[in-house]
Amino acid sequence: MRRTQRLNQILSTVVAHGSMEVPELAEQFAVSHATIRRDLELLEQQRLVSRTRGGATIHAAFNDLPLSYKTTQDLAEKRRIAHEARKHLAGARVIGMTGGTTVTEFARLLLDHEGLTVVTNALNVAVHLLDNPRLRVFAAGGDIRSSSQEAVGHSAEAFLSEYNLDVAFVGVDGVDAVAGCTNYDPAGARVNAVMRGRARRTIVLADATKIGRVALAQVCAMPDADMLITDGRADGDQVDRIRARGCEVALV
């Protein structure tokens with residue numbers, strides 16, 4: 001395993017558990033304690049974790065995994081989800097897209113599409129879609145989150161509230177039958193909630209690592225999402241409970 005990949009997975013593990021000890025990480029990644037300590041030192045320099053006497057915890061300033069860390073994680077699954085999402089464009093003329101790596105993979109599939117208007121608060125998505133001159137792209141402004149390149153705050157919310165969407169494709173940090181769809185960042189959750197509220201149909205794109213996870217702020221209750229597209233690794237019990245809440249689930 002390359003160091004970059006190991007750093008990504010170490011960070012994800014610390015985020016998932018809140019804290020981890022050096023021996024646990026060394027065993028999980030089959031490397032020495034010294035290697036783990038060096039990795040944690042690098043992550044601490046990036047203000048992603050805080051070192052403790054025997055391991056690391058999430059840094060106090062941490063809100064979300066940076067986009068550079070999330071991009072390569074579960075990439076094959078995210079691409080399958082994106083391909084499934086494209087099947088649900090039929091009849092749509094105006095769509096909304098949040099940020100997130102899975103939604104970004106979906107955006108890549110629109111470069112051969114035409115006759116579609118896209119409304120987004122994700123700057124990287126908007127810039128990427130400009131490579132296709134047959135698309136019309138509207139991008140929200142506001143306070144830009146460095147971790148996701150999304151515009152958040154009052155300006156972004158006001159911008160999105162002016163548009164009527166056929167379908168909103170929403171990326172989230174957690175999907176739980178009871179807690180619903182959630183994000184680590186409350187400001188990001190509010191923007192996503194506004195977009196969802198402007199759409200006739202909402203499709204949540206989330207790989208299996210998000211299923212059963214509950215982040216800080218709710219985007220929407222589970223019945224308010226029309227469909228969840230995830231991959232086949234998702235916990236079966238959670239999938240059943242999500243379906244029971246009235247949300248269609250597509251496994252890819």
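At what angle do helix H2 (residues 22–29) and H3 pack, and how far apart are their axes? The legends below take up this pair after the overall view.

**Figure 1. Overall view of the predicted protein chain.** This is a predicted model, in which local features need pLDDT of at least 70 and side-chain atom pairs count only at pLDDT 80 or more, while totals for chains, interfaces and linings use all residues. Residues are numbered from 1 along each chain as its sequence is written, and side-chain values use heavy atoms, with hydrogens and water left out. The protein chain has 10 helices and 15 strands, these being DSSP runs numbered from the N terminus (helices H or I, at least four residues; strands E, at least two). Its C-alpha trace spans about 55 × 35 × 30 Å along the principal axes. Of the 252 residues, 52% count as buried, a term that stands for under 20% relative accessible area, with exposed over 50% and partly exposed in between (1.4 Å probe, protein chains only).

**Figure 2. Close-up of helices H2 and H3.** H2 (residues 22–29) packs against H3 at an angle of about 105°, with the axes 9 Å apart; axes are lines fitted to C-alpha atoms, for helices over the stretch in contact, and angles run from 0 to 180 degrees between N-to-C directions. H2 is therefore roughly perpendicular to H3, where angles under 35 degrees count as roughly parallel, over 145 as roughly antiparallel, 65 to 115 as roughly perpendicular and the rest as oblique. Val22, Pro23, Leu25 and Ala26 of H2 meet His33, Ile36, Arg37 and Leu40 of H3, contact meaning heavy atoms within 4.5 Å. By class, the residues of this contact are 6 nonpolar, 1 polar and 1 charged (Ala, Val, Leu, Ile, Met, Phe, Trp, Tyr, Cys and Pro count as nonpolar, Asp, Glu, Lys and Arg as charged, and the others, Gly among them, as polar).

**Figure 3. Close-up of helices H1 and H3.** Helix H1 (residues 3–17) and helix H3 (residues 33–45) pack at an angle of about 75°, their axes lying 11 Å apart, so H1 and H3 are roughly perpendicular to each other. On the H1 side the contact is made by Arg3, Arg6, Leu7, Ile10 and Leu11, and on the H3 side by Thr35, Ile36, Arg38, Asp39, Leu40, Leu42 and Leu43. This contact has 7 nonpolar, 1 polar and 4 charged residues.

**Figure 4. Close-up of Thr182.** Thr182 lies in strand E11 (residues 180–183) and counts as buried because its relative accessibility is 3%. Leaving aside residues up to four places away in sequence, Thr182 touches Val172, Asp173, Gly174, Arg213, Val214, Ala215, Ala217, Gln218 and Val219.
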